[in-house]
Amino acid sequence: MSTTNIAQVTSWGSPPAYTAVPAPPSPLPESGVVQIRVLATGVHQLVRSRAARKHYTSGPLPHVVGVDGVGTTIPEGKLVYFITLRTGGGSFAEVVNVPKSYVFDLPDGAKPEAVAAMVNPAMSSWMALKTRVDMTQLPKEGWTALIVGATSASGVIAAATARKLGATRVIGVARNATKLAAVPNIDVQVIIGDPVTSTDFSQLGEVDVILDYLYGPLVAHLLSTLPRQRRPLQYVQIGTVTGPDMALPGAALRSKNLTIRGAGPGAWGFDELNSELPEMLSFVVEAPPPKLRVEKLKDIEKAWGVKENDGERLVFTP
């Protein structure tokens, strides 16, 4: 029996191991399954959280790492983006079998490593805005997006996503002033104070949408101290980088026309994701690529624990 190599976690908290396993069988034409030779897979925050059993989609052991990737179809050789999150399998492999409904053609000229690094971060804000925000409540003359955690990879592309989808003013919130000043598409910068409750949100004017990648006490402070406004305020919780929970005073809910939603698998459906991916992929392919650190899959045990440099995205290739 032929074999292929994957990266899998066999003990929660341990780095993934490069492991030989039986190769997936060639799917029958009528099966609706596509076999893909993997070219690149990205190490997103979601990937790390799932590999550490810190995400609600982690599943049981052994855990094959990864949620998506870029590859070529076998035998056609067509360049595609694919998702394995819905199927329960991973993407850090040399060859994967994926249902056809989770395979999407990429345009000529798409760079596999860049696409693998960027789609998941872009997905977080794209799906939040397209499926979890009520666009009919946004002012027709222009609306304001506030991004909490704007210097992260997801936050940087969230600013571009918000601008593409109609935001006329984008506010970025982050701790590092120098990094925040370098983020494109940010009109107003808010530097997180120490303690976070010293952060001044009182002069921002009316805000329509909040995309939150941090959560925790900072966001409770934000929702409590934003000025009262007549317009609806839509808050979307996306990430919990600074903490898994927050204590939100009831007055923050009563004093504003505030709607609280989350964005992630479950909050939005995979049918919604499938319908959004073609336009999202076009956006990602045209966006400026991030700084990449490309490693070989066989070196994953060593490379997994090496922290990425500022703004750098880690990608594995076979």
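## Domains and their interface

Domain bounds here come from an automatic or database domain assignment, and on that basis the protein chain of this predicted model is divided into domain 1 (1–110 + 288–314) and domain 2 (120–260). The C-alpha centres of domain 1 and domain 2 lie 31 Å apart, and the contact (heavy atoms within 4.5 Å) takes seven residues from domain 1 and five residues from domain 2.

The area buried between domain 1 and domain 2, that is, the accessible area (1.4 Å probe) that the two parts lose on being put together, summed over both, is about 440 Å², with carbon and sulfur atoms giving 59% of that area. Across this interface the rule finds zero salt bridges, a salt bridge being a side-chain nitrogen of Lys or Arg within 4 Å of a carboxyl oxygen of Asp or Glu.

Strand β13 (residues 233–237) runs parallel to β14 and is joined to β14 by five bridges; Gln 234 stands opposite Thr 259 in β14.

## Basis of the values

Residues are numbered from 1 along each chain as its sequence is written, and side-chain values use heavy atoms, with hydrogens and water left out. Because the model is predicted, local features need pLDDT of at least 70 and side-chain atom pairs count only at pLDDT 80 or more, whereas totals for chains, interfaces and linings use all residues.

Conventions. Pairing = 2+ DSSP bridges. Helix = DSSP H or I, 4+ residues; strand = E, 2+ residues; numbered from the N terminus.
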